[in-house]
Amino acid sequence: MADLKPRTLISVQERLRDQVAHALRAALISGELRPGVVYSAPALAADFGVSATPVREAMLDLAREGLVEAVRNKGFRVTELTERDLDDFTEIRALIEVPTVGRVARTASAEQLEALRPQAEAIVAAAGKQDLIGYLEADRQFHLDLLGLAGNTRLVEVVGDLRKRSRLYGLNRLAERGELVSSAEEHLELLDLMIAGDGPAAESCMTRHLGHVRSLWAEGQEEQQQEEESRTGLRLRAR
């Protein structure tokens with residue numbers, strides 16, 4: 001089936017549904033759950049050692065985020081992202097985030113910006129430890145909190161939704177090669193430029209950072225595809 005690695009549920013305080021959703025996102029990021037493949041809730045539930053109900057509920061949460069889609073009487077299919085999808089997500093984020101970062105650099109206080117430094121440092125630390133879930137969570141929190149200084153909650157909601165839909169496949173392989181660290185360090189560079197009040201330089205840094213993220217998406221997609229083609233070739237030769 002999915003051959004998912006055993007996972008420890010996060011904490012007793014969290015609902016089982018949230019724990020399963022967290023584990024499923026981790027499986028998506030690592031590439032254990034593959035685009036285009038249909039997975040049944042009972043089979044995934046057996047992998048996680050839980051009943052099918054919280055798995056179905058978690059999958060519905062992921063479906064609302066665009067990560068999977070329901071397949072009648074079969075289960076859920078992991079949605080595939082095309083190169084056009086990734087380009088579109090990057091373009092929309094650039095249109096929103098680049099000018100917003102410039103505005104926040106001019107209007108936010110040094111204290112407000114400095115308060116985000118622990119998050120930026122957490123991104124770098126997670127990248128160095130190859131903690132993918134920690135990396136993505138710290139990255140998400142940093143960017144949304146930074147944009148939140150502009151005072152537009154709707155803008156933050158839109159970017160948050162875009163980030164959910166533009167997830168990375170095969171991120172673990174990039175982390176193993178140390179390629180996440182340079183992207184992570186850009187958060188500290190961006191923060192320093194904003195604290196200095198240099199709006200144009202902050203906008204330039206943000207543009208470069210989004211381009212870097214886009215290249216990571218492309219690498220993750222390409223490696224995922226090559227791995228799948230290799231599996232297919234092995235199966236064909238085994239017949």
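**View 1. Glu186 and its partner Arg208.** Glu186 is buried, with a relative accessible area of 8% (buried means under 20%, exposed over 50%, partly exposed in between, using a 1.4 Å probe and protein chains only). Its partner in a salt bridge is Arg208, with the closest N and O atoms 3.8 Å apart (a salt bridge is a side-chain nitrogen of Lys or Arg within 4 Å of a carboxyl oxygen of Asp or Glu). Arg208 is partly exposed at 40%. Arg208 lies in helix α11 and Glu186 in helix α10, so the pair ties together parts 22 residues apart in sequence (helices are DSSP runs of H or I with at least four residues, strands are E runs of at least two, and both are numbered from the N terminus).

This is a predicted model: local features need pLDDT of at least 70, side-chain atom pairs count only at pLDDT 80 or more, and totals for chains, interfaces and linings use all residues. Residues are numbered from 1 along each chain as its sequence is written, and side-chain values use heavy atoms, leaving out hydrogens and water.

**View 2. Arg117 meets Asp192.** Here the closest N and O atoms of the salt bridge are 2.7 Å apart. The pair links distant parts of the chain, with Arg117 in helix α6 and Asp192 in helix α10, 75 residues apart. Arg117 is buried at 18% relative accessible area, whereas Asp192 is partly exposed at 39%.

**View 3. A sheet of three strands.** This open sheet has the order β1-β3-β2, with antiparallel pairing (two strands pair if DSSP finds at least two bridges between them). Look for Tyr39, which stands opposite Phe76 in β3.
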